[in-house]
Amino acid sequence: EEPTIEPTGTGEPIETIEPIEPDLVLIPAGEFTMGSDPSVDHETVGNEQPQITLHLPDFYLGQMPVTNAEYAVFVQVTGHAAPYHWGNALPTGRIGLHPVVNVSWHDAVAYGNWLAEATGRPYRLPTEAEWEKAARWTGTHANVFPWGDRWDPEKCNHLKDSNPAGGGMERLQSAPVGSYPDGASPYGCMDMVGNAYEWVA
């Protein structure tokens with residue numbers, strides 16, 4: 001039975017809100033190199049090593065991070081707790097196109113489980129290996145960044161130096177998903193660097 005929402009005080013359910021399904025990108029089956037090579041990526045840390053070769057079957061990944069608007073349907077239909085910074089208002093308009101933030105791993109899993117049940121499709125969080133392959137594997141090379149091996153501050157929403165003379169960092173506000181198309185991964189996935197942290201399985 002489809003869930004309905006009952007507005008407080010009326011006793012009459014309103015029309016069921018349909019889940020918003022993501023645009024998906026096919027990541028083809030094959031081997032890829034997971035992990036970082038310190039001779040190429042000078043900022044790599046210990047838990048990113050050693051590099052290993054893995055084979056993954058093909059899978060689909062959402063082209064963009066989950067947006068506020070997509071998550072708001074889940075919150076409204078299920079009564080799941082909203083991110084604390086939303087207050088009493090569901091994000092709409094331009095804010096709705098921003099990535100949802102301030103959600104726990106458990107929230108993300110619950111969202112994926114709900115989306116799968118509501119649509120009859122096998123939505124879930126990607127594994128770490130799946131996310132990494134989609135983010136930087138070209139088919140022959142494990143990029144340091146989705147667009148290549150050299151940092152380019154114009155290709156993602158990131159920390160910026162707000163006062164070059166005095167130092168200090170300022171966190172940028174989130175941007176609508178897909179705002180940096182030149183920073184797409186080799187498979188066309190967006191915002192895999194910057195904008196918001198992303199959970200994996």
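**Helix packing**

I began with the axes of helix α1 (residues 68-78) and helix α3 (residues 105-119), which come within 11 Å and cross at roughly 80 degrees. Axes here are lines fitted to C-alpha atoms, for helices over the stretch in contact, with angles running from 0 to 180 degrees between N-to-C directions. I therefore record α1 and α3 as roughly perpendicular to each other, a term covering 65 to 115 degrees. I then listed the contact (heavy atoms within 4.5 Å): α1 contributes Glu 70, Tyr 71, Val 73, Phe 74, Val 77 and Thr 78, and α3 contributes Asp 107, Ala 110, Tyr 111 and Trp 114. By class, I noted seven nonpolar, one polar and two charged residues in the contact of α1 with α3. Ala, Val, Leu, Ile, Met, Phe, Trp, Tyr, Cys and Pro count as nonpolar, Asp, Glu, Lys and Arg as charged, and the others, Gly among them, as polar.

**Basis of the entries**

The model is predicted; local features need pLDDT of at least 70 and side-chain atom pairs pLDDT 80 or more, while totals for chains, interfaces and linings use all residues. Residues are numbered from 1 along each chain as its sequence is written, and side-chain values use heavy atoms, with hydrogens and water left out.

**Burial of α1**

I found eight of the eleven residues of α1 buried, that is, under 20% relative accessible area with a 1.4 Å probe, protein chains only. Among them are Asn 68, Ala 72 and Val 75. The buried residues of α1 pack against α2 (93-96) and α3. Just after α1, Gly 79 takes a positive phi of about 80 degrees.

**Whole chain**

I counted four helices and six strands in the protein chain, taken as DSSP runs (helices H or I, at least four residues; strands E, at least two) numbered from the N terminus. The order from the N terminus is β-β-β-β-α-α-α-α-β-β. Of the 201 residues, 36% count as buried.

**Val 45**

I located Val 45 in the loop between β2 (30-34) and β3 (52-56).

Key. Parallel < 35°, antiparallel > 145°, perpendicular 65-115°, else oblique. Buried < 20%, exposed > 50% of the residue type's maximum accessible area, 1.4 Å probe, protein only.
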